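Trainee: Could you help me learn how to read a protein model, step by step?
Mentor: Gladly, let's look at it together.

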Amino acid sequence: MTPRPGRLALGTRFRGAADRGASQSLQWALLTPVLILAIIGMIQYAVILQAQQAASTAAMMGAEAQARHGARPGAGTNVASASAEEAGLTAVSATTQYHGGLVTVTVTGRANLFLDLGQGRITRRATMPLERP
């Protein structure tokens, strides 16, 4: 015997609104942590990109300052450190090297991350030719 449309066969259980609600609650309970981790990951990625850009800009500014004719020793290091700290990097260090008419400024710092898994350390370099009188 086949049941008529709109009726349940014997032995089948009717799934009511309470069953559907429990299923949806379970789905959201499993999905919510995944969504939160994805959002935090995107925010951390953006912070790392911003820190890399800040370090690159600071290194370029330091190299330009040190490459100018008549620049005092350490001018590029001071400019690079101040620029990186102002941009939000912490534990900033800057070094200047000369080689063959070029000056290279290296900036190293840490990005402010929620959860630092080793990606927080940023190092960027910029090289400029020395100005001649």
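Mentor: We will go from the overall layout to single residues.

Trainee: What should I know before I start?
Mentor: This is a predicted model, so local features need pLDDT of at least 70 and side-chain atom pairs count only at pLDDT 80 or more, while totals for chains, interfaces and linings use all residues. Residues are numbered from 1 along each chain as its sequence is written, and side-chain values use heavy atoms, with hydrogens and water left out.

Trainee: How many helices and strands does the protein have, and in which order do they run?
Mentor: Helices (H or I, at least four residues) and strands (E, at least two) are DSSP runs, numbered from the N terminus. Here there are two helices and three strands, in the order α-α-β-β-β from the N terminus on.

Trainee: How do I read the length of helix 2?
Mentor: Compare its span with an expected one, which is 1.5 Å times one less than its number of residues. Helix 2 covers residues 75-86, twelve in number, and reaches 17 Å from its first C-alpha to its last, close to the expected 16 Å. Just after helix 2, Gly88 has a positive phi of about 110°.

Trainee: What does "buried" mean, and which residues of helix 2 are buried?
Mentor: Buried means under 20% relative accessible area, exposed over 50%, and partly exposed in between (1.4 Å probe, protein chains only). In helix 2 the buried residues are Ala75, Gly76, Thr77, Ala80, Ser81, Ser83 and Ala84. Across the protein, buried residues make up 26% of the 133 residues.

Trainee: Which residues does Gly76 touch?
Mentor: A contact means heavy atoms within 4.5 Å. Leaving aside neighbours within four places in sequence, Gly76 is in contact with Gly62, Ala65, Gln66, Thr96 and Val105. Gly76 counts as buried because its relative accessibility is 0%. The C-alpha atoms of Gly76 and Ala63 are 5.7 Å apart, although the two residues are 13 apart along the chain.

Trainee: Is Gln66 buried or exposed?
Mentor: Gln66, which lies in helix 1, counts as buried because its relative accessibility is 4%. Not counting residues up to four places away in sequence, Gln66 touches several residues, including Pro73, Tyr98, Val103 and Leu130. There is also a polar contact, meaning a pair of N or O atoms within 3.5 Å; within protein, one must be able to donate a hydrogen and the other to accept it, and residues adjacent in sequence count only if both atoms are side-chain atoms. The side chain of Gln66 reaches the backbone oxygen of Arg72 at 3.3 Å.

Trainee: Where is Ser56, and how far is it from Ile122?
Mentor: Ser56 is in helix 1. Ser56 counts as partly exposed because its relative accessible area is 28%.

Trainee: How much accessible surface does the protein have?
Mentor: Accessible areas come from the Shrake-Rupley method with a 1.4 Å probe; for residues, only the protein chains shown count as cover. The total is about 9500 Å², of which 60% belongs to carbon and sulfur atoms.
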